[in-house]
Amino acid sequence: MKLTVKEERCSGCNVCRVVCALHNAGAVQPSQALLKIKGEFPDPGTYKIAYCNQCGICADSCPEDAILERDGEYNIDYELCTQCLICIDSCPFDVMVVTESEYPAKCTGCGKCVELCPRQAVLADQG
Amino acid sequence: MLYGYAGKILTINLNTGKASADHIPEDLARDYLGGRGFVARLLYDRLDPGTDPLGPENIIVVATGPLSGHLLPGSGKTHFGALSPATGGYGDSNLGGHFGPTLKYAGYDCMIIEGKADQLSTIIIDNETVKIVPDQGLKGKGAIEAEQELKERLGEDYQLLTIGPAGENKVAFACISHDFGRQAGRTGVAAVLGSKNIKAVAVRGTKKIPVFDAKRAQEKGEEMYKVCFGKPGFKTWTPFGTASITDWANEVGAFPTRNFQTSYAEFHEKINGQAIVDRLLVTDKGCFGCPTPCGKYGHTTTALGSAYVEGPEYESIATLGGSCCLEEIEEVAYANYVCDQLGIDTISAGVVVSFAMECFEKGVISAEEVGREISFGSLEDTVYLLEKIAAREGIGDVLAEGVKQAAAIFGDGSESYAIHVKGLEWSGYECRNAPGMMLSYMTADVGAHHNRSWALGYDVSQSDADVSELIEAGTGGKLEISTPDGKVDHVISMQHSRPLFDALGICRLQSMEIGFETFHYEEVFELITGRRLSWQEMLAISERIWQLTRQFNVKHIEGFGRDWDYPPRRFMEEPVPSGPNEGRYISKEILDKMLDEYYEKRGWDKNGIPKPQTLARFGLD
Amino acid sequence: MINMSLKVTVNITGCLKELYPHLSEREVVESDQPLSVSGLIGELGISPRMVLFAVLNERIVPKDRQLFEDCEINLVSPPAGG
């Protein structure tokens, strides 16, 4: 699933991040989430959502070609990954993380964030 | 292993500058759950009688609950407690936002701050690393301003607690601020933080919280969100948040107006939830994990200036709008903003300011003493007094102690309209025709606060009138007398159920307003902690906490007893002069009967002191 | 003349559940008479003062609004403070 957002609906509850980290890293620990929410307070009182739009820049940066595209989604092949972590810095949205075992992780398009966002601020991109 | 918990208590000693982390004692988790339970037990164990609330020997306990920070609706609550400078007894307050979950991710369920720093400092917690950093540059800064500055300095990952000038100046009702508009407002915990020279606490955490059955807990958490999405309250509650009660509170004559002189404000439609949405709203602002954000973040413009502000929520509308008679929502919001920057609880602030206004109106205090003439309905006068209070200048120095102390100094009969119980100012429900709610305020452990038991609905629904008559009569008009019958049991039951959420570390509104059933909490609690407890068993823990906080007051307040449980004389002797409850008041005789029954059912003696056998029954002897 | 009977689904929210434990969260009310929101509240034995507002088809409706066959209505109670 490819994501899109409607930031004006976001209330900053971070449910997307909690479920993302649980589902993808098996941890109650939103810092492992593969999307980010930033509140712009006190002025102007809005939320910014950083998310993976499957741009593929991480794949271009990977010296091992370990990030592979299928049906418009990019996934890391952990057999090929050498943990150089170059991809982490390449991400223009800063939404890749280093896992506990020191591998990179990126949005897998699992859609959990979309499923649980109470405000429909994170959505499936219907193209 | 304690599943669901982070596992550690962090103790920060400001005298030595050292921090230490200890395991959460298993019996503490077993008998008190967390949050409010931890706060109550640790304060009880750690503080000696005779402790000065503003001396270095007082401690601040910050505690999350076993469900805080997990995947379930409303899991963002954090509890704060200290010996209260407002009451001299048990003090606690809680806030939502994101601080508690982040403290847990740093590895701590609970934090104890003790001693006193030698200069104004910020505590910075980054997982195991704890630093106490002198920060004179923040001196005198507004609470929101300080948060903004620290957030810019430390980064987005940090969650912050800050105090404003009122906290630095030890105002008895100074509040702790977080997330640009969430406050632990009540009982003056921020004054204790100020007395310790702590301006702010910052925390960042990247650890995992262990979960008993992680897979099923995740499934259950997801299910709870989906259940919430299907609840009627999901759509109807969110648009106005707590402010939606404003019109209703007026309709049933429970809206504090002109320092609680009356209980109906003609202008209420100008300061209700709709007015917020139409005239202020910028965005809904949610706490951690909340699917139904009651936070209404807005922008206001008044003759005094314009500002961004979260709120006003109902309590601020009731006390700043109703009690001080600020008749436009923009003015209420601006006064709310001033309180937020100064770091003053909007509830006490509104009651203290309106008390001063009435004292002035009655000639108890003069223009010379106040520094100017003041009157109800003036935003300028409200802001003037708030600033004097925060700076402790002139009359502000007296008012900064709260209405109980101020009335003792002003005298001249002002005690009867100093609206408080135990020294804590009354929150937003006038009770002269609501005996259950009156008893709730009288017996709340912290003083006159509504969140331990909200029996007003019970009072209104249990009036003499039969339903068909009410339908025929339509809404409005005078209310029948609400009788005290059956109210004591209801209040006791609510005093266990509502504070239980504070011990679990979650927001009660998901249950009270959105409609989660107790079995949802039993199930998710078991999957997260591995401990099977029925709701009834959890309520029994809540009851233990209630007995403990009463005993805390016995231990710390000299001569504590029945006399501390009465409302101001106004509510017992002065008939409401206007509105739906015109002519109503509840005599001391009726209240005494209710207190007798309440004490008896609690296992307390005639003076309201827990009997030894009662304490023994709860393992508190 | 057709003898109309009316079936209405009512969602009970907030402290109404606490105050009226005999009601379930979702009640079905049948009536052979025309029924307004107020009438429905009376049928359920709820004090009208405890209904902050009624929501029909996602819109707040006045209490004299007539209900129609198979409609679903939410009775919203006053929220219990901040």
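Modeller: Axes are lines fitted to C-alpha atoms, for helices over the stretch in contact, with angles from 0 to 180 degrees between N-to-C directions. This is a predicted model, in which local features need pLDDT of at least 70, side-chain atom pairs count only at pLDDT 80 or more, and totals for chains, interfaces and linings use all residues. Residues are numbered from 1 along each chain as its sequence is written, and chains are lettered from A and ligands numbered from 1 in the order in which they are written.

Biologist: How are α12(B) and α15(B) oriented to each other?

Modeller: The axes of α12 (residues 329-342) and α15 (residues 379-391) of chain B come within 10 Å and cross at roughly 10°. Angles under 35 degrees count as roughly parallel, over 145 as roughly antiparallel, 65 to 115 as roughly perpendicular and the rest as oblique. The two helices, α12(B) and α15(B), are therefore roughly parallel.

Biologist: Which strands stand at the edges of the open sheet of chain B?

Modeller: The open sheet has 6 strands with mixed pairing, in the order β2-β1-β6-β3-β4-β5 (chain B). Strands pair if DSSP finds at least two bridges between them. Each edge strand has a single partner, so one side of each is left without a neighbour in the sheet; these are β2 (18-23) and β5 (90-95) of chain B.

Key. Helix = DSSP H or I, 4+ residues; strand = E, 2+ residues; numbered from the N terminus.
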